[in-house]
Amino acid sequence: MSNTSDFISNLAAKLGRPTPTQPPPQVKLSVPQYQLSSSAERVSVFLQNWQALGGKGAIVRSEDETLQCLKQWFGEQPITWFKENSKALLAWDKLPTIAESAFSSLNWPLTRYSQSAFDPRDRYSIAASAELGITGSDWGISLSGTVVVKSDPLRGRAISLLPPRHLSFIESTKIQDNLFNVLEEVAALGSPPAAIEMISGPSRTSDIEMDLSIGVHGPIEVYVIVIDH
Amino acid sequence: MTMYNQTTDERVDKALANSFLRQATRRATDRLRNNKYKASAELGNWEEWRAAGEAIRKNVISNLDYYLNQLIEQMEKRGVHVHLAKTPADAVTVVRNIVSEHNAKNVLKSKSMISEEIHLNHALEEDGIDVVETDLGEYIIQIAGEPPSHIIVPAMHKTRQQVADLFEPIAGHALSSDTPTLTRFVRTQMREKFLRGDIGITGCNFAVASTGSIVMVTNEGNGRMVSTLPRVQITLMGMERIVPSFRELDILLNLLARSATGQRFSSYTTILTPPKNTADPDGPEEYHLVILDHNRSEILGDKLFRSSLNCIRCGACFNVCPVYRQLGGHAYGSVYSGPIGSVITPLLEKDWKKWGHLPYFSSLCGACSEACPVRIPLHDLLVKLRMRKTQSGHTPQVERQIFKAYRYFFTREKTLRRALRLGAHLQRPFVRNQRITGGPPPLSNWTNSRTLPMVAPKPFMQLWADLKNKR
Ligand code: SF4
């Protein structure tokens, strides 16, 4: 095994100069970036692209619309799920207000992942048995129909991963045109969180005879609700 | 790993005789290539994106010492264990030690070409570890005991029936070979493994130097599983896999996803800045980063080939290469196949005897260079590698003799005339329809499968002289 300074000075020798002490000049980036003109357009392109990837999406303006949307998508299913599993709906500690009140009006109790068990492995088992994982999103990307989620002690990464369905709430103002803009905001955080997950549609694979198949490991169904205040 | 013990000719013959393989290779490469065309056209100004990608990669490689140092500092500041491995053996030792320190029995892996390069699975299996490839394609070839045949779709050479046959002993019952059944089986099978994995091993698509972050791209979500659930995570990276900051990441991620599969982005792009926050409910508590040199520093010092380190492993060059499209990846015999594999394998492995055939797995048509999102002049590098091989004296005896003879005749005009006349005479028994169709070795090496133009009854030198006289 090498120590860092030997390893680095070997590279400097190969490059034929001492290691720079100042950051190398940045490369000029002049690619034309994808840009939309209004927030409304951003939301609608975002949803189109999300749906093209196989996700379901809707815009809501009130608690009532949220409730209607959830009813339409999931119908009586949660009632059946709860009969088998009281922890069928697994969520962040705190979802956007509109989502919290819609779930409580529906009387669909949410299990908070981070507090669901003491041992991480037990939490994973709970997440793997849950029917629906519910999160918020920190950003959206119109161009690719992507939601971007930061990790945080009150959240949990497995919620958007282990259950067969993932539902995410996003405020319309958080939807950006492209990844570049999102990464600019990530860079502005200074030190990034332990994980930032960019999710574009359901889990997919074409590894068997190039035949597309959904849900080999991650969620099979993905839903997004855009909250437009 | 049967492929590694066969000769090049045996592997090529095997590939040519396998009609499913050839059909599958064409299907996969056609699909990926056409998707890439669409995805790159959609972005508009693809050439500007390529130029930017190339500029970013060049900047990284020519300042690799600075950026690597920065990456290591950032990682260590947060308590990540960074291991610098000079050789594949060093890297394997690091991983083995971590696994044994933790007394780990179940090791989960998501796709990593470095782990193929260092033959990690084999070593861990010898230690009695249950090591599982979790990417569906990688899982298939792991059970089959084969190396990947394509960098993006590693098991594309397997028929669905072969896949079902491989899974059956594990399932313990017959499986139908339709895709949903097979993927469902893997989902259930793998779930249990994910939930009890002790250590996760992942690859790394990019490492962000300024923040010490690792970027990982998968479509299945297995990369997320492996980097979220086990308590200990190991990431393997080739030392060139750096990007200076988030500012440049957008361009490289766009180029990678669009060139690899024609997606805008893969289903999951994960940016890890490990280890987890102590209060986070999931994510690895302990994180190891293994950075592999394996002669990459030699390539860095070799100006002729330095640009090969710019590669972002998208596989676009595979999909357009007429040689790859005919043969698939196993005929190359190397872990990295396709045009970029032909360039880097001889440089990484430094063994002309074993890998000297690779620079010749090319028609030099240049399609690879044209497809490459970071504009690596691959066909040019292949020519230069041929030159290196010749200079190092590793060309076959026959080839050397032929070129000696060539020089001898072409520097002596009279002798050449005489030889051509003689040739025109000697070729007669082998000429059919104006083509040479047989003959003794070494001529037969060629004429066994192709024909040669005959020596003209009146050589050019004679024609030229006659023309001059007429004037
Ligand atoms: S050489 Fe270029 S085209 Fe080939 S895999 Fe690397 S980046 Fe992609």
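Chain B contains 23 helices and 13 strands. Keep in mind as you look around that this is a predicted model. The C-alpha trace of chain B spans about 95 × 55 × 45 Å along its principal axes.

Chain B has 471 residues, and 58% of them are buried. Now consider its contacts with a separation of 6 or more: 73% of these link residues 24 or more positions apart.

## A strand to follow: S9 of chain B

Let's pick out strand S9 of chain B, which covers residues 268-272. Because 5 of the 5 residues of S9(B) are buried, this strand is largely enclosed by the rest of the structure.

What does S9(B) pair with inside chain B? Strand S6 of chain B, residues 213-218, pairs with S9(B) in the antiparallel sense over 5 bridges. To find this pairing in the model, look for Thr218(B), whose bridge partner in S9(B) is Tyr268(B).

## Across to chain A

S9(B) also reaches a strand of the other chain. Strand S9 of chain A, residues 195-199, is joined to S9(B) by 5 bridges, and the two strands run antiparallel. You can trace this pairing through Ala195(A), which stands opposite Leu272(B), and Ile196(A), which stands opposite Ile271(B).

## The interface as a whole

Now step back to the contact between the chains. Chain A brings 83 residues to it and chain B brings 99 residues. About 7,700 Å² is buried between chain A and chain B, with carbon and sulfur atoms giving 59% of that area. Which three residues supply more of the area that chain A buries against chain B than any other three? They are Glu209(A), Met210(A) and His217(A), which together supply 11%.

The interface of chain A and chain B also holds 6 salt bridges. In one salt bridge, the side chains of Glu197(A) and Arg224(B) meet at 3.1 Å, N to O.

## The chain A side

Several elements of chain A each supply at least two residues to the side that touches chain B, including helix H6 (120-129), helix H7 (179-188) and strand S10 (204-205). The largest share, 8 residues, comes from H1(A), a helix covering residues 4-15. Sorted by class, the side of chain A that touches chain B has 43 nonpolar, 27 polar and 13 charged residues.

Technical notes: Residues are numbered from 1 along each chain as its sequence is written. Chains are lettered from A and ligands numbered from 1 in the order in which they are written. This is a predicted model: local features need pLDDT of at least 70, side-chain atom pairs count only at pLDDT 80 or more; totals for chains, interfaces and linings use all residues. Side-chain values use heavy atoms; hydrogens and water are left out. Contact means heavy atoms within 4.5 Å. Buried area is the accessible area (1.4 Å probe) that two parts lose on being put together, summed over both. A salt bridge is a side-chain nitrogen of Lys or Arg within 4 Å of a carboxyl oxygen of Asp or Glu. Helices (H or I, at least four residues) and strands (E, at least two) are DSSP runs, numbered from the N terminus. Ala, Val, Leu, Ile, Met, Phe, Trp, Tyr, Cys and Pro count as nonpolar, Asp, Glu, Lys and Arg as charged, and the others, Gly among them, as polar. Two strands pair if DSSP finds at least two bridges between them. Buried means under 20% relative accessible area, exposed over 50%, partly exposed in between (1.4 Å probe, protein chains only).
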